Amino acid sequence: MNLTTILRLPVIAFLCVCGISSEACTTFCFHNKDQLIFGKNFDFYMGDGQIIANKRSISKTSFPMPGEPTIQWTSKYGSITFNQIGREFPFGGMNEKGLVVEQMYLADTGYPETDNRAGLAELQWIQYQLDNSATVDEELATDAVVRVSKHSAPIHFLIFDAKGNTAALEYINGKLVVRKNGDLEVCALTNDTYNNSLDYYHSVKDTNMPTGSSSFERFAIAGKMLGNFDVSRPVDYAFGILSASAQPELTFWSIVYDVKNLTIHLQTRSNTNRRQLNLRTFDFACSSPVMFADIDTNLKSAGDFKPYSPSSNAEIIRRVFRILSTKPLFANLIPKEEEQRALATYPETTHCSRP
């Protein structure tokens, strides 16, 4: 199998990110002096997934993208991520410094052309940021050395840190557009550009709450509810926003990050019990095994995670593509077995840089 065949994988497989439809995914954040809350609905055609406890001090070389420079790095921080297409390619997560990175589909995305910076697949870009950045400012500074590859699926990002800083990142006409802190009148993103979403929000701000589930309506629902945020029960209220903006047939994961307390709260369509993970209870030293858990498990602590294995990684990738192969939208886009294997075995190219 030649390299070009393997490199077809990110272009196709990562189209799974939050679905191809514009009716997919909602994020928002709220902060005051006492609370730092970030919410995410993952809307797609299936909810299989894993929660990965990623280690610090892991040396990595980026998964190669067609014609793009690669980069090597060693992770500075441990993180908890939510993965559907295998370890090292998360849909989102939070690191031990409280940085949250999440993504949503955006059809209007236009990535930069290849240059001397490393081009990362969009999901590995998320892991790179969680590995290396403690704050929004540090994340923004990485644009000098890495960028999302032009071969990636079209998405935009909402980023939040433990200082209460926020940034929305969009790639429009080949340029990175950043809106940070005060530039985000409404701290939310759905599946249209921030400018277009904000225009719609202004048009309905003084009317009744929208009742539909379009990208604009979900943005407006989040904006209106953020304006009346109940600080006496922040996590419950955040789940209320996620419930109000959910899509009955598509919302599979609802995640609330309590950044100040370094905890993650989770509900899934297959397990509506609310589960909580405290990042302070995880051992992120690379001398200990990488741990993972099925996303639908009744998790109570880090002790409910089990050691990662290459076979478990390969199995979820096979399962995800097997299910997607039954969906007409994806039937002709499923990677070949050897291409899936290239993605599944990528974590074995990483290693602990300390004894």
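I take axes as lines fitted to C-alpha atoms, for helices over the stretch in contact, with angles from 0 to 180 degrees between N-to-C directions. Helices (H or I, at least four residues) and strands (E, at least two) are DSSP runs, numbered from the N terminus.

The model is predicted: local features need pLDDT of at least 70, side-chain atom pairs count only at pLDDT 80 or more, and totals for chains, interfaces and linings use all residues. Residues are numbered from 1 along each chain as its sequence is written, and side-chain values use heavy atoms, with hydrogens and water left out.

Entry 1, helix pair. I looked up helix H4 (residues 194-204) against helix H5 (residues 215-226): they pack at about 65 degrees, with axes 9 Å apart. On contact (heavy atoms within 4.5 Å), H4 gives Tyr 194, Asn 196, Ser 197, Leu 198, Tyr 200, Tyr 201 and Val 204, and H5 gives Phe 216, Glu 217, Phe 219, Ala 220, Gly 223 and Lys 224.

I list Tyr 194, Ser 197, Leu 198, Tyr 201 and Val 204 as buried (under 20% relative accessible area, 1.4 Å probe, protein chains only). Down the axis of H4 they fall within an arc of 130 degrees (taken from the directions from the helix axis to the C-beta atoms), so they line one face of the helix. They pack against S12, S13, strand S14 (188-189) and H5.

I traced 9 strands in an open antiparallel sheet, ordered S13-S12-S11-S8-S7-S6-S3-S18-S19; two strands pair if DSSP finds at least two bridges between them. Strand S8 (residues 100-105) and strand S11 (residues 155-160) pair over 6 bridges, and Tyr 105 stands opposite Ile 155 in S11.

Definitions and conventions. Buried < 20%, exposed > 50% of the residue type's maximum accessible area, 1.4 Å probe, protein only.
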